[in-house]
Amino acid sequence: MYMYCFIIAIAFLMLTIVFIKKRSLDIKFSFIWIAVGVIMAILSLNSSIVDKVAEVFDIKYPPSLLFLIGILFCFILIFNLIVVISSLQEKITRLTQEIGILKNLRERE
């Protein structure tokens, strides 16, 4: 069972590297995805880590810890993407206003 997870983690890492080479994935986000792939590979090879961490947090079913970590990661990622989108939306508004001003100045000349 864990060998399949390891194969999926390696495939995920390879896919991430392909997207980095194609420049489809920004370098800022690539570090996050490489870290996720490496963590997935480590956890799939050594399941006792998950068991020990679950025991520390008093989680009765260790695989549910992985779901919790995944959900928290998704929340952090979504928050980060919302911050990026807000910044881009502000830049688009500013550029639109500047283009409007330039068109108005050009029409007056």
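Predicted model: local features only at pLDDT ≥ 70, side-chain atom pairs only at ≥ 80, totals over all residues.
**Exercise 1.** Determine how α2 and α4 are oriented relative to each other, and name the residues that make the contact.

*Solution.* Begin with the geometry: the axes of α2 and α4 cross at roughly 175 degrees and come within 13 Å. Since angles over 145 degrees count as roughly antiparallel, α2 is roughly antiparallel to α4. Next, turn to the side of α2, where K28, F29, I32, W33, V36 and L43 make the contact. On the side of α4, the residues that take part are L66, F73, L77, N80, L81 and V84.

**Exercise 2.** Carry out the corresponding analysis for α3 and α4.

*Solution.* The axes of α3 and helix α4, the latter spanning residues 62–108, are 8 Å apart, and the two helices pack at an angle of about 85 degrees. Because angles from 65 to 115 degrees count as roughly perpendicular, α3 and α4 are assigned to that class. As for the residues involved, V50, D51, V53 and A54 in α3 meet P62, L65 and L66 in α4.

**Exercise 3.** Find the salt bridges of the structure, and state for each partner whether it is buried, partly exposed or exposed.

*Solution.* The structure holds two salt bridges. One of them joins D58 to K60, with the closest N and O atoms 3.1 Å apart, and both D58 and K60 are exposed. Another links the side chains of R94 and E98, with an N to O distance of 3.5 Å. R94 and E98 lie four residues apart in helix α4, so about one helical turn separates them. To classify these partners, recall that exposed means over 50% relative accessible area and buried means under 20%, with partly exposed in between. R94, with a relative accessible area of 57%, is therefore exposed, whereas E98, at 38%, counts as partly exposed.

Terms used: Residues numbered from 1 in each chain as written. Heavy atoms only, no water. Axes fitted to C-alpha atoms, helices over the stretch in contact; angles between N-to-C directions. Parallel < 35°, antiparallel > 145°, perpendicular 65-115°, else oblique. Contact = heavy atoms within 4.5 Å. Salt bridge = Lys/Arg side-chain N within 4 Å of Asp/Glu carboxyl O. Buried < 20%, exposed > 50% of the residue type's maximum accessible area, 1.4 Å probe, protein only.
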